[in-house]
Amino acid sequence: MAETPNSSAFNRNVQLLAKLIVTETDGLEKDSPNAPIAVGWTVVNRMKRNGTTHIDQAWHGYRHGKNATATAIATAKGILNGTIPDPSDGATHFYTPNIMPKEGDDTDGCDVSGGLESVPGVVVKGDKIVKPVRNYRPGFAASFTEKAVFGVPPAVFKLYQQPGTGHVH
């Protein structure tokens, strides 16, 4: 990043990125410790592609309403100062199959234009039976490049890179 650590712009970016990390990964980091890092890097990768140095100019489409935690702040600092490498290999987008609508669910208000898929670990539980289920995926997942991230199960987060080198939407 263009800001130097401990500058006001850097500290603002750290706080904003930490809020986003907490909001998007809350509770999931226990089963997937690399998830907060991968999610944080998708924002930074968008910033790079969009030519900005401000988190709030690249976080459209992300949830960011929760307060930052000390762990998320440390993760955000490491990402922004370059001491935590990008495990996502340039990912710019992600979604969580476990929370996407499932086959037969109401899909109003959701981007499900990527169609149905079966992801290992996405299950429905009922009457003591656990069975795999197909979930919908957002439209970008049909045409972007999927990026596997070590330690991030696909049912938790699937990460993608928008093709090309230009502006990311």
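Colleague: Which residues does Val119 touch, not counting residues up to four places away in sequence?

Modeller: This is a predicted model, in which local features need pLDDT of at least 70 and side-chain atom pairs count only at pLDDT 80 or more, whereas totals for chains, interfaces and linings use all residues. Residues are numbered from 1 along each chain as its sequence is written, and side-chain values use heavy atoms, leaving out hydrogens and water. With contact taken as heavy atoms within 4.5 Å, the partners of Val119 are Pro97, Asn135, Pro154, Ala155 and Lys158.

Colleague: How far apart in space are Val119 and Asn135, C-alpha to C-alpha?

Modeller: Asn135 is one of the residues that Val119 touches. The two are 16 residues apart in sequence, and Val119 itself has its place in strand S2, residues 116-126 (a DSSP run of E, at least two residues). Their C-alpha atoms are separated by 7.6 Å.

Colleague: Is Val119 buried or exposed?

Modeller: The relative accessible area of Val119 is 6%. Buried means under 20% and exposed over 50%, with partly exposed in between, for a 1.4 Å probe and protein chains only. Val119 therefore counts as buried.

Colleague: How are helices H1 and H3 oriented to each other?

Modeller: The axes of H1 (residues 8-25) and H3 (residues 70-81), each helix being a DSSP run of H or I with at least four residues, come within 8 Å and cross at roughly 125 degrees. On the H1 side the contact is made by residues including Phe10, Leu17 and Ile21, and on the H3 side by residues including Ala72, Ile79 and Leu80. Angles under 35 degrees count as roughly parallel, over 145 as roughly antiparallel, 65 to 115 as roughly perpendicular and the rest as oblique. The relation of H1 to H3 is therefore oblique.

Colleague: Which helices do the buried residues of H3 pack against?

Modeller: The buried residues of H3 are Ala72, Thr75, Ala76, Gly78, Ile79 and Leu80. The helix is followed by Gly82, whose phi is positive, near 85 degrees. The packing partners of those buried residues are H1 and H2 (35-50).

Colleague: What is the relative accessible area of Thr75?

Modeller: Thr75 lies in H3. Leaving aside residues up to four places away in sequence, Thr75 touches Ile21, Pro36, Ile37 and Ile84, and Ile21 also belongs to the H1 side of the contact with H3. Thr75 is classed as buried because its relative accessible area is 12%.

Technical notes: Axes fitted to C-alpha atoms, helices over the stretch in contact; angles between N-to-C directions.
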